[in-house]
Each structure stands twice: as structure tokens, then as C-alpha cells.
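Read each one, look, then check the answer.

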There are 2 protein chains.
Amino acid sequence: MTDSVSTPVHDARPARKTYLVGSRPDVRVPMREVALTNGATVVLYDTSGPYTDPGHVVDVRRGLPALRAGWIAERGDTAEYEGRPVRLEDDGRRSADPLRDQGAFPPRRPRRATGGAVTQRAYARRGEITPEMEFAALREGVAPEVVRAELAAGRAVLPANVNHPESEPMVIGSRFLCKVNANIGNSAVTSSIEEEVEKMTWATRWGADTVMDLSTGRDIHTTREWILRNSPVPVGTVPLYQALEKVGGDPAELTYEIFRDTVIEQAEQGVDYMTVHAGVLLRYVPLTARRKTGIVSRGGSIMAAWCLAHHEENFLYTNFRELCEIFAAYDITWSLGDGLRPGSIADANDEAQFAELRTQGELTRIAAEYDNQVMNEGPGHVPMHKIKENVDLQRELCDGAPFYTLGPLTTDIAPGYDHITSAIGAAMIGWYGTAMLCYVTPKEHLGLPDRDDVKAGVIAYKIAAHAADLAKGHPGAQAWDDALSDARFEFRWEDQFNLSLDPDTARAFHDETLPAEPAKTAHFCSMCGPHFCAMKITQDVRRYAEERALPESEALAAGMREKAAEFTASGGRVYLPITPSDA
Amino acid sequence: MTDSVSTPVHDARPARKTYLVGSRPDVRVPMREVALTNGATVVLYDTSGPYTDPGHVVDVRRGLPALRAGWIAERGDTAEYEGRPVRLEDDGRRSADPLRDQGAFPPRRPRRATGGAVTQRAYARRGEITPEMEFAALREGVAPEVVRAELAAGRAVLPANVNHPESEPMVIGSRFLCKVNANIGNSAVTSSIEEEVEKMTWATRWGADTVMDLSTGRDIHTTREWILRNSPVPVGTVPLYQALEKVGGDPAELTYEIFRDTVIEQAEQGVDYMTVHAGVLLRYVPLTARRKTGIVSRGGSIMAAWCLAHHEENFLYTNFRELCEIFAAYDITWSLGDGLRPGSIADANDEAQFAELRTQGELTRIAAEYDNQVMNEGPGHVPMHKIKENVDLQRELCDGAPFYTLGPLTTDIAPGYDHITSAIGAAMIGWYGTAMLCYVTPKEHLGLPDRDDVKAGVIAYKIAAHAADLAKGHPGAQAWDDALSDARFEFRWEDQFNLSLDPDTARAFHDETLPAEPAKTAHFCSMCGPHFCAMKITQDVRRYAEERALPESEALAAGMREKAAEFTASGGRVYLPITPSDA
């Protein structure tokens, strides 16, 4: 199957792909360069992958180029091997389906460590700056040493399974830009391969830094293969979901062996990080009895059910060290799940939640012994005044490991708008130090997100993440706002659209009122018409100060007096930059 | 014109209007009572006015009943008088327009004080609890004395012009529920009377606590009359806009006399609060010269232009005491405008902004001498880490007067989504103590909001306001979340919809996936199908504890062991409450 299939990604933005080249020619970091009408350019972080490079021929059936293959190979600490045979049950099937099987990738020989840990953390601890670290540093605009040091300390992760060489390296940690994850996953057996890939490219086009494939039901293995081979961003999963499918959906039937087999299966495919609910301990389950909304995490429910059924300790906890060895051999990053996270405002920051967080801390330290990379997942539903405590406790209990939170939603009264209830909490928790935000779509609690919901969720979370970067004082974050504010004040409408998170929507909203092309360069907005403007006054005062070369304060005072006459002579009208809320 | 015109407000919610009756039979406070399928009821604050009372016959050409007329008259401190004759120029016209003039209300004789101040603050200071105060207290669920004390101290306002007897009293202050204002205003001369009224009823249906009529251009006076006569919520304006229309749009031509005449005109119509940019002092204008986005407030621009043109001090500042006397005679509440608020992240919390805030404080104290009610307007565009300083300074400089902020937007990079960029800031500033939030719609900076934008803005801001109430620990706020969370956990889908801020959208989103009616009462959601659920586990553990009458911790431990066997016997399946982001 080699016919070229172009993805449905269209980029209307007059932005061009540009590359920052590092210390070696194969470290080429993609950026989005926006050319402004005033001759300046703004260079922005770019998660969209090769799909937005006109020089790249898209063929989802071949997958993306293996960007990191050479770097992985040259380290000489991994080798290809035969790999686990793919079974029909991996796709939740009992018999082959010729139609679906057309879609399978040719078998690949997976790679794993031949000796010690092959994690970016292990390299960092040894003082090595890998090409992956340099790549991520260039994207962030920081020195590669900063990335190395944060990885070594466990305060950041760089998810990069050796079997996902297609991914463009990125770093997650509170020292860096706040990241956004988008969840995708097959919702119907009728999804085509192109549709699955398109969900991922759609989310990354709008700025998702990672995607989690939460598929259930049929064709899990094949769907994941397509996503991985075509994903320029790290891919996360919850292996427990697939393990549960393998036992017919009955949690009591789960075994560690089935779970471990699923981890190996996904490790060989190239999953970069895995959510594992190893902190849901038997003794914590009763702590949820008095809760308003019990256990709402799917993984948490599954493990609680297993613990109740067997009256035994969680097998993910009891086998954690062996899993660490596996994770070290592929460089899989832990995303330690919060299976007992609150599902309502009433349950926020309760005993069950923080008991599990303490165990996450214990597991984080064990994983560090194996040079594993670790993130901790966090809530959920938390009112604003209880958000900071979550970050402070996580940082303390988990030694500063990156925090990865779902929202949190700051109120429960707005189903249908939980991208907003949670963007509020996400922005705040990002400011307080959360490294990655898992998006929430408008369909949360109600149904399955469609294409529009995915976009709405990603945009709301890019807003939250960027607001957090601004509040954290991330170097360079404000330059983007400044460029847009300048464009706004100078009525460079096209620049304002092109610099926005969603140029299509900004342009469409403007054109509803003033569709004509010249309006986009005119010095007025749709609400006021062509008056003189406040900008002109500002410019006049500034020019006066320059011409007289006076200290600015004096110039301003003198300018004011002169302006009075000049202003009256010129008609004395100001620009009225009104929208109905600009009272 | 007495034909009955029904408004286009439809309320699909199975909620009924109910009334709390106070110490006298004419204090009847409307509330929205949601009947749940489990027999319980939830009573919520209701801003929708008589339109949602089936016993009320809507006739926008007659206006609403004059709820407060008796209370105002019985105080005996106001009298009707001839009033200022309405002029063609009040509607921005030179000649009569028979078609439009059909729409005029019959002339009404306005009312004003016969002696001292007739403000709610004056009564409060004298120790009187008015029916208005009792009404507002019942809505809030607090003792009337609390409202009186907060009004007397100037920490709250109860906007209630004696010429707007149709309004349902409400209180704005940090001690009370956080309020939301929606801006409306005619955007085209083709707007019909019904359309204007409908904008207001649409905004209040979704929860707007006040509306500001920011109309410009033709028919300002007549539009405002229709809105006031039909508005159950306080109405605010920016009189400067109309004054500017009267001088042909040239700020230099403005005079105090024209402004004063406009204030009287609007006072007689019943405007409850007025934005006045009296703090934009001549010497502050140069402070904006080095700003990224200069002056972005329309009122601020107008007054800055006037100051520059005349090189004189702002006439609103120099005549402030006379305006206080007028405000005292009608009970108009000040909304001291922030004409120098920042228009970009870069300009937040700068010298120009805080200089004006200090002057707002000076004016707040002067107004207190006249027993005026006062709010202070605030920004604007502020990154998260600079928000709290705004509230702290305002409280200190303005003696705890209610703060009334526009957003603030927490980033500038998302035109088209500024209801979200600003809902983040609004929730936070509400938590910190802001009393009322002025909404921002998705069209902010881009165009004129339509019906959908108004709804999107109001809902985003109700979320922000409620999240703030939760974080402030407002008594009763969490009961709403709890009721919805209970419904969610118990799969009472209809209750979940009916308790939500927007039942229509919640129901529609759910029905996209599972449209059948029985699905709404079934114990499963669209993502999982009919499994056993975590709720059932919780219930079983709870029941065990009750039956054995053991101390709960022991019961839980014992219950756990028993559950293991029982659970396995029953099939050992758990409910998997997944949505794709419920990893």
C-alpha cells in the first residue's frame, strides 16, 4: 500500500515553516514564522510536524520520516530484536478481517536496550547532552544544558521511546513552556485509518504538544500503529484499557502477566508515555466510600474493582520495579495515574486523593532508581482556592517531578462548557507550576468529542498554557502578546489574525461586520469608522519628544500644551476604539 | 399601542418560578425552583424577571409592573415633577420620524428627591432596612441587616433609580454573590423595539445581573426607554456616549452643560448606574505616551481628547460635587470609569492606570459625603500574576467600594476567544474580591456580538462568577455543585441537565451520542454501556457500615473483605465512567 494520501490539514495562515539548525545538521527544529506586514517576523513554537512543510509529501501509509533513528542507533546501546508476535486479540478480534488488515503496516523489528537504561534521564545524569535534548532546548529558546540539568534532576521529562523515532523531541517540566495534551481515540469501528490519523494531525495543528490514544474496543493495536507512525508528537496511552479488552472487560480477570504483555506490546510499537494507576492501593479504596462521586477515573475504577475482587494489593504496585526495568529498556516515561482523583468540587483535596499522591511520591523515587522518566497525574475537579495546595504537595511529595493535570474544573454546574470551567483551573495550576495540562472538551461528561470539540478543547488549553507562561514570566512568552498588541493598536488587521491562536476564527468574526479587503488595512475598526485615533495622539506626543530631544517627562508636558492647539486645529476628533464592552 | 407582544424567551427547563415572601406581602422575591427526579428541589437565584412567570402576560409596549413604585412613594421623600422635555436631538435626529415615533412610550412624569439624598446608602446609614434591602437579602440568603450594613459602609451598592421602579432589587458587593453585567446596545438603525428588548431578556435569561445599554447613533433615547421599561435588572449607561452624539461626535465640542443635561435626561428615564470617566486627569494623559496600546477605553479617549484640545482639567472631575447632588436626588449609582485601563498585557498595572485609581479613591470619598452609592471600574488586560494587586490596591485606595472589572483578559493572543481568555481572569479577580464582572464576548476586538455571542459571554461569566463564589466560600454556593454532582454520580441525566447553567446545550450534547429517552434514566453513560458502577460499590460499602452499626472505619475494613467475595460472585464488573479525557 504505497498510494500517496494527503491529509486533510489545511493551513490558511500565511506562515512559513522554518528550521533552527543546531550543532549538527540533522538537528533541525521546526518553527512557525509569521511574516508581518510591517516587515518584521515572529517565530513561534510549532507542534504541527512535517504536515505543514510544503516540501514534505504526506503519505500516511508510509508514516513520517524517522527523524531520530540515527541518533538512537549511533548511541549503540539498543538493538533490534524479533519482538512479540502480534495477535488477533491485540485488536480485540477472534478472526482476521481482510478489509481492516489491508491497513496494517509492514512488520517492523522493535528495538530495546542491550544493557542499562536508555532513557534521556540516564544520559542526562551521565552529563550527556543528546540531540533530543538540544532539539528540545532550541524549541524552548534555552541552553541545552538547562534541559539536561532538569532531566537529570527529574524535574522534567523528554518522552522519547526508542521505537517512536518519528517524534520531534520536546520537554515537559515547570521550567519550560507549559504543555497541552489532547486525548484522541477511536469512537467507532467505522473510523478509517485516515480519520484516525487526521484526529491527531488536527489536534497538533492547533497546538497539542502530545496526544493520548485512549482507544477501546476493536482494532486498538492497528489504530495505535497508524497514529504512532504518523505522529510528530509523543504519544501516551493507558495500557490497562487494552489489557481489560484482552480479558473481555472483566477487571477481576486481569492479571499482572496480561498487563505486562500489553506494556511490552505497546513499548515495541513506540508509545512514549504510559498512564499506570499503581498508586490505587487496597487500603485507599474505602476512603472513597463517603465521597460524593466515589471513583471517577476509569483506570482507578478498574484497579479498585480488582483489589475488591481479590482482596489483594494492586498488582501494578507490587510489580512496580519490574515495570521500571521494562520502561528503562525502551525509554517509556511514567505518567503515574491519579485513580482516586476527585470527580466533583465536594471531593477535592480529600484523604483518598492525597493518600494516593503520597504513594505517587514513593513510586517516583523508586522509578528514579531505574533512571526512569516520571510525571505525576493530578486532578480533576478542584475549586480555585484549593488548587495551589495540589501543586505544592505534589512538588514536595514527588521531588519536583513534572505535574500533569486534567483541568482542573473549577465548578460542576456547567456541563457543555467544561473546556471553560477547566481552562480557568488549568491556567492557574499552570501558573503554580504544572508542566502539562490535559485538555477537556465541551463534551466532557456528556458524550464523545467530535472535530469541533477537539479544536475547542485545544484552543482553550493553549490559552490556559500561554496565560500560565506569561504569569510564570517565561522568557519570550510576552513577545507574542506584544506583537499582537502592536498589530492591534496599529490596525494591522491581517497581522492580528495571523498572530492569533486561531486565525480562521478571528478573520471570520471580523469579516462578518466588515468583509471588504481594504478594511483590513484601514486605520479603523468596524465599530467606529475612520476617525482620528488614540494611537495618533500617542505617536504625536512621542514624535514631539524626539524632535526636541528633551527628557521625556518635560517633552510630554510641553507637548501637551502644543498638542492642545494642534489637536483643535486638526478637527479635534479621537479614535473611539469601542466594542460594546469597551465602555 | 397596546397589542400584546410576547417576547421570544422560551424556557425549556422544567423549573418553576417560585417566590420567597418577606416581612410584608409585597416583598416577593422570584427564584427558580428545579424539581429533581428524586423528589428533592433546588432553589436558585433568578435574574430572568417576570418573563419566566407563566402568570405574567408579556407586553413590551406596556412594560413591566412597577414593582417598587409603592415603596418609593411611601417613603415620602420624592415627588413627581414636569421633567426635562424630550428633544429630537436626544435621539440624534433633526426631524421627527413617524415610523419610529410609533414606538415612543407615553410621557411619564419623573420623580426626584424633595430634600436630602434618597439613596439606599442614605437609608442604610440612618439604620433603615428598606423593602429593597430585604428583597436583595432574601435573594442572597442573608439577613437584611447584612445588606444594610454593607450599603452603609459603602462596601456594597443596590442600584435603584427612583425612576426605574420595574427593577428587582439586587446588591453588588464582595460580601455577596459575584455578579455579571452584559453589555447590549443597538448596532443598527434597523433594530426593532422588540429586538432591543429581546437582547436584554436574552442576556438576563442566561443570568446577567445587570445590563449596560451602550447604544450609539440614532434613537438612543427611545431605545433606552424601551429597555428600562422592560428591564427587571438594573440598567447602566455611559452618558458621555450620548453627550458626544449631541455635539456631532467631536470631543472638543463637549461641555459640562451638555453632559449634565444628558445625565438629567437619563436620570429621569431611570438609569440605575452611570459610568463616568472623572478620573482621567489632564496630567495623567502623557503617562500613556510610552504604552504599547495607549488609551483603549472609549470614554477615556473622549476625555483625553477633550483635555488635550482645551488643555484644561477634565470637566467631570471639576464638576464632580454637583454631579453627586444630582445622583443623590435620583439614587443613581456611580460606576467610576477606568479610562486609562490597560489595553494589553504589556500595559497592565502601569503608572497611568494606578494614577487614575488613586483619583477614583478620592472621588469615592467625595461621593460618600453625598450618600452616593459608588462602584469602581477596573481592567482590562492583566496577566494572572498581576491580578491580585489590582484588587488589593482598589480596596485600599477606594475604602472597600465594590470593584467592577472588565475581564481581565489574561493573554492577548486569542482574538475570537476572549470570553475564555477573560473568564480566567474574571474568575480569579472575583475570588480576590471583585463584586461584579463585566462580560466579554467572543467578538471582542473583532466585531459586534450577535445573539450567540451574548449567550457565550454570559455563560462564560456565570462560570467565572460561580467559581469565584465557591472559592470565596459563599454560603450556599457549593450546594448547587453538590446537587449536580449527585445527579451525575447517580445517573440522573435529566436532573444533571436541568441543574446546569445551560440545560439546552447539555441535553443536546448528550443526545448526539445517545438520543433515546430511556438512556437519560439508565445507569450508564454513552461511553461505557450498562456495566456495574463505582457508585454501586460505594453504596454497598456504605450499607454494610449502616447494617452493622460499626464505627465507619472498622466497618469499611470488614466490608472490604466481604465485598471481595460478593463482588466476584456478582460478576466482578465495575462501571467505567470514561470520557476520552477520563484516563
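The questions below concern this predicted model.

Q: How many helices and strands does chain A have?
A: This is a predicted model. Chain A holds both kinds of element. The count is 21 helices and 15 strands.

Q: Among contacts in chain A between residues at least 6 apart in sequence, what percentage join residues at least 24 apart?
A: Start with the contacts in chain A whose residues are at least 6 apart in sequence. Then keep those whose residues are at least 24 apart. Their share is 74%.

Q: In what order do the eight strands of the closed barrel run in chain A?
A: The barrel is closed, and its pairing is parallel. Neighbouring strands of this sheet are turned by 25° against each other on average, direction ignored. The order in chain A is β8-β9-β10-β11-β12-β13-β14-β15.

Q: Which residue of β9(A) is the bridge partner of A182(A)?
A: Strand β8 (residues 179–184) of chain A pairs with β9(A). The two are parallel and share four bridges. In β9(A), the partner of A182(A) is V211(A).

Q: Which residue in β15(A) stands opposite L406(A)?
A: Strand β14 (residues 403–406) and strand β15 (residues 436–438) of chain A are parallel. Three bridges pair them. Opposite L406(A) stands C438(A).

Q: At about what angle does α13(A) run to β13(A)?
A: α13(A) lies across two strands of chain A, β12 (333–336) and β13 (374–378). Its angle to β13(A) is about 165°.

Q: Why does T364(A) count as buried, and which side chain makes a polar contact with its side chain?
A: T364(A) lies in helix α13 (residues 351–369) of chain A. It counts as buried because its relative accessibility is 6%, and the cut-off is under 20%. Leaving out residues up to four places away in sequence, T364(A) touches L336(A), V374(A), N376(A), C398(A) and A401(A). The polar contact, at 3.1 Å, is with the side chain of N376(A).

Q: Which residue in β14(B) is the bridge partner of E377(B)?
A: Chain B has a closed barrel of eight strands with parallel pairing. Within chain B, strand β13 (residues 374–378) and strand β14 (residues 403–406) are joined by three bridges. The partner of E377(B) is Y404(B).

Q: What separates the C-alpha atoms of I295(B) and A464(B)?
A: I295(B) sits in the loop between β11 (273–276) and α10 (298–310) of chain B. Along the chain, I295(B) and A464(B) are 169 residues apart. Their C-alpha atoms are separated by 27 Å.

Q: Is the peptide bond from G407(A) to P408(A) cis or trans?
A: Most peptide bonds are trans. P408(A) is in the loop between β14 and α15 (418–432) of chain A. Omega of the bond from G407(A) to P408(A) is near 10°, and the bond is cis.

Q: Is D331(A) buried or exposed?
A: Most residues other than glycine have a negative phi. D331(A) has a positive phi of about 60°, in the loop between α12 (320–330) and β12 of chain A. Its relative accessible area is 1%, so D331(A) is buried.

Methods
Residues are numbered from 1 along each chain as its sequence is written. Chains are lettered from A and ligands numbered from 1 in the order in which they are written. This is a predicted model: local features need pLDDT of at least 70, side-chain atom pairs count only at pLDDT 80 or more; totals for chains, interfaces and linings use all residues. Side-chain values use heavy atoms; hydrogens and water are left out. Contact means heavy atoms within 4.5 Å. Two strands pair if DSSP finds at least two bridges between them. Buried means under 20% relative accessible area, exposed over 50%, partly exposed in between (1.4 Å probe, protein chains only). A polar contact is a pair of N or O atoms within 3.5 Å; within protein, one must be able to donate a hydrogen and the other to accept it, and residues adjacent in sequence count only if both atoms are side-chain atoms. Axes are lines fitted to C-alpha atoms, for helices over the stretch in contact, and angles run from 0 to 180 degrees between N-to-C directions.
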